[in-house]
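Here are a few notes to read alongside the model. Have a look at it first, then go through the points in order.

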Amino acid sequence: MNKATLRFFALVALLALGVFCKINYSDGDDAIFDDMVRSMPYLEYIKMRYLTWTGRIGGETLVYLLFSLGIWFWRFANAVMVAAVPMLVLLIVKQLQPAEGIAEKESLWQALRLPLLICAGYLLMDIVTCGHAAVWVNGSIFYTWSFALALLCIYLNLRFLRSGTVSARQGALLLPVLFFAAASIEQIGVILAIFFAEILIYRKRQKKTLPAGILVEIAFLITTLAVATAAPGNMERISQETSSWFPGFAELSLSERAFISTQWFLSSLANESKLFL
């Protein structure tokens, strides 16, 4: 990545920081989490959340850290994460198409056109995704941060696969990134599972063995997803959320549930996933 591109993403981070300096804790979930973090030690907090609400222990760990360090830590860290999302998309694109931008001397426009396009796609996403997920203190951890960590995991694995080997040390460095991404929100864990399944299929077609580090990552991902899914609090959370946001869902027939779910999925794809489209 050349200097012009790095300066561009540094500017993105600075602009994001300017916005986040005007953001404070909300009087909803942020206030609740702030109170919980200040009233109990970490292990007690994680146990309580795992048993009564969610298996997202990676995201819950980051929540505890963030609210312990305070709002200014979040402002700086979140600005970095918001800039990291489009930057990591760019790095992944360059891993998949390494010949792009190979010229020795690029003009400023040649260097910045793809970063500008990616950032434009990011900003065109629905306000629920681009807005709430980045500006809401608690929500940014589970959505923006976990998404950035998942992109980092994908990028590093692509880079290691291009070199043909993944050392034990490199695999160990990836495990914390993989854990906090997969154990923060369920959809991210599924995306990473699909990514590693694609690696397996690709390598099998090439009739090559997988590096040991990749196999360790796959086993670690499966274990992480199993622990998160087995949380007793998941069913309680689903029950409470359903009764709060869709109290009549339980009375619907199977076909009606399928219709509503399909409608929601298509709406979400159209309104919240413009960057990926």
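1. Start at the N terminus and follow the chain: the elements run α-α-α-α-α-α-α-α-α-α-α-α-α. That comes to 13 helices and 0 strands. Keep in mind that this is a predicted model.

2. The protein has 277 residues, and 42% of them count as buried.

3. The largest nonpolar core is worth a look. It has 72 residues, and the ones that touch the most other members are Tyr45, Trp74, Trp145, Leu192 and Phe196. Helix H8, residues 137-163, gives this core its largest share, with 16 residues.

4. Which residues does leucine 192 touch, leaving aside those up to four places away in sequence? On that count, its partners are Ala150, Cys153, Ile154, Leu178, Ala181, Ala182 and Leu221.

5. Cys153, one of those partners of leucine 192, has a relative accessible area of 0%, so it is buried. Cysteine 119 counts as buried too, because its relative accessibility is 12% and the cut-off is under 20%.

6. And disulfides? A disulfide is a covalent bond between the sulfur atoms of two cysteines. The structure holds 0 of them.

Definitions and conventions. Residues are numbered from 1 along each chain as its sequence is written. This is a predicted model: local features need pLDDT of at least 70, side-chain atom pairs count only at pLDDT 80 or more; totals for chains, interfaces and linings use all residues. Side-chain values use heavy atoms; hydrogens and water are left out. Helices (H or I, at least four residues) and strands (E, at least two) are DSSP runs, numbered from the N terminus. Buried means under 20% relative accessible area, exposed over 50%, partly exposed in between (1.4 Å probe, protein chains only). A disulfide is a pair of cysteine sulfur atoms within 2.5 Å. A nonpolar core is a set of buried Ala, Val, Leu, Ile, Met, Phe, Trp, Tyr and Cys residues joined through side-chain atoms within 4.5 Å. Contact means heavy atoms within 4.5 Å.
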